[in-house]
Amino acid sequence: MSGLRIDADRLWNSLMTLGQVGAYDDPATGLKGVNRLALTDADKAGRDTVKGWFEAAGLEVRVDRIGNVTGRRPGRRPELAPVLCGSHIDSVPTGGAFDGALGVLGALEVVRTLNAAGVETERSLEIAFFTDEEGARFGTDMLGSATAVGRLELEQAYGLTDERGLTVKGELERIGYLGEVDPRRAPPHAYVECHVEQGPILAAAGLDLGVVTGVQAISWQELTIHGKSAHAGTTPMELRKDAGLIAAKINVHLHEMVASARYGTEMRVTMGRVSPMPNRVNIVPGRVVCTVDLRNPFDDLMEKSERDLADFLDHLEKTHGVQIERRQTARTNSVTFDPKVVARVAEAMDGLGYTHREILSGAGHDAQEMASICPTAMIFVPGEYEGISHNPREFSTPAACARGVQTLMDTLLGLTADV
Ligand SMILES: [Zn+2]
C-alpha cells in the first residue's frame with residue numbers, strides 16, 4: 001500500500017471530456033453516444049486530445065509506424081525494461097465513453113498522481129493507446145497491439161481496407177499518425193490494463209472489481225449457403241433447396257452443442273447476422289449469408305466444437321443438396337494471463353479493501369496481444385445496466401472507475417519497484 005490516492009474527480013473529468021470527442025445523438029437510445037471509429041477525423045481529434053494530455057503530464061511521447069502512441073515517464077533505472085499500461089481510444093460507431101478510454105485515461109491519472117506527489121519510480125513507466133483495437137472499420141481487431149508484438153506484419157496491417165477501399169496506411173498518413181518509430185517493441189517488464197467488464201457478472205455478484213485471469217478463444221466464420229430460389233406457392237416442399245431452412249438448422253445445431261455440454265459448460269454460440277436473398281415474403285431464399293461466433297475458454301474444446309460444426313455442415317450438404325461456403329474471419333486461441341501479475345492485482349485490491357473475484361474475459365483486448373511478449377494482467381470495472389457496452393448506454397460509476405484506477409496505480413507502483 002502506497003497511501004497515494006488518485007484524484008477521482010480529475011479522472012472523471014478526463015473521461016467525460018474525451019467522451020465529447022466524436023459524440024453524436026443516438027436515435028435508438030435518445031442518449032449521446034461516442035463514434036471514434038479508427039483513423040477517422042473523430043479518432044484524430046481524440047488522439048490529439050490525449051496526446052496533448054500526455055505531453056502536458058511531462059511524458060516523452062512517441063508515435064510508431066502503426067500509429068500507437070506511447071508516453072514514457074523515466075524511472076531511476078531507465079536501463080531496465082519499463083512497466084507498460086494502456087488500452088485504446090478508438091470506438092465502435094455506436095460506442096460509449098468508457099470502453100478503452102478508462103484504461104488510457106486511468107494510466108494518465110496514475111502519471112498525474114505520481115507527478116503531483118513527486119514520486120520517482122525505479123523502473124520507467126510507459127502508458128500507451130493502441131491503434132484500432134475494435135476492428136470495426138478495417139475488419140481486424142487489436143490491429144496496433146498485434147503489430148507491436150509481431151503477430152501481424154506491418155505491411156499486412158497497412159494494406160487492410162475499409163468498405164470504401166481506404167487503406168490503414170493512407171488513413172494513418174491523412175490524420176498525421178504515421179509515426180517513425182518501429183512498432184515492434186522490446187518486451188516490457190509487465191503490462192497491466194484496466195478496462196470496463198462489458199458484461200453482467202461483477203454487477204450481479206455485487207462486487208467492486210474483477211481480476212481477469214485470461215481471455216477465451218474466439219472463432220468467427222461467415223457461411224454462404226447456396227440453395228435454390230423458388231416460388232413459395234407453386235414449388236412442392238420436397239423439391240426445395242431452402243437456404244433459409246439450412247441457416248435455421250445450423251443455428252439450432254449450435255444451441256444443441258451448448259445444451260449437450262459436449263464442449264464444456266462455458267461454450268457460447270451466436271448467429272449474429274443472417275441475410276437471406278432475395279428476402280421476400282413469397283420466395284424461397286436461394287442464398288443466405290450468415291455468421292457463426294464461437295467462444296470457449298478451452299482451446300481443445302473449441303477445436304472439437306469447430307470440427308463438430310464442420311461435420312454438420314458436410315451432412316447438410318449431402319442431405320439437402322445445398323453448398324455451404326465457409327470463410328474463417330477471425331480465430332484466436334485462449335490466453336492465460338501471468339499468475340504472478342494476476343496475484344499482484346488481487347493483492348492490490350485486498351490492500352485497498354475492494355471486493356473482487358477472478359473472471360475470464362469474454363471479449364478480446366490489447367492485453368491478450370501483450371501477453372505474448374510479457375507477463376500481463378487486467379483489472380475489470382463493473383458497468384451499470386448489466387454491463388452493456390458498444391452502446392451509448394455504457395456506463396460505469398465514478399466510484400467504480402476510481403476503484404479500478406486506484407488498483408491500477410498500486411499494482412504499477414509494485415511492478416515499477418521490481419529491480
Ligand atoms: Zn475495449
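Author: The crossing of α10 and α12 is right-handed. This comes from a predicted model.

Reader: What makes α10 and α12 oblique to each other?

Author: The axes of α10 (residues 339-352) and α12 (residues 398-416) cross at roughly 120°. Angles of 65 to 115 degrees count as roughly perpendicular and those over 145 as roughly antiparallel, with the rest as oblique. The two helices are therefore oblique to each other. Their axes come within 9 Å.

Reader: Which residues of α10 and α12 meet?

Author: From α10 they include Arg344, Val345 and Met349, and from α12 they include Gln406, Asp410 and Gly414. By class, this contact has four nonpolar, five polar and two charged residues.

Reader: Why is histidine 226 called partly exposed?

Author: Histidine 226 has 15 other C-beta atoms within 10 Å. A buried residue needs 20 or more, and an exposed one has 12 or fewer. The count of 15 lies in between, so histidine 226 is partly exposed.

Reader: Where is histidine 226, and what does it touch?

Author: Histidine 226 is in strand β9, residues 217-226. Leaving out residues up to four places away in sequence, histidine 226 touches Ala243, Arg287, Val322 and Gln323.

Reader: How is the protein chain divided into domains?

Author: Domain 1 takes 8-216 + 334-416, and domain 2 takes 217-332. Their centres, taken over C-alpha atoms, are separated by 35 Å. Five residues from domain 1 and eight residues from domain 2 make the contact. On the domain 1 side, one residue is nonpolar, four are polar and none is charged.

How values were computed. Residues numbered from 1 in each chain as written. Predicted model: local features only at pLDDT ≥ 70, side-chain atom pairs only at ≥ 80, totals over all residues. Axes fitted to C-alpha atoms, helices over the stretch in contact; angles between N-to-C directions. Helix = DSSP H or I, 4+ residues; strand = E, 2+ residues; numbered from the N terminus. Parallel < 35°, antiparallel > 145°, perpendicular 65-115°, else oblique. Left-handed = near helix turned anticlockwise from the far one by under 90°. Contact = placed C-beta atoms within 7 Å. Nonpolar A, V, L, I, M, F, W, Y, C, P; charged D, E, K, R; others polar. Domains from an automatic or database assignment.
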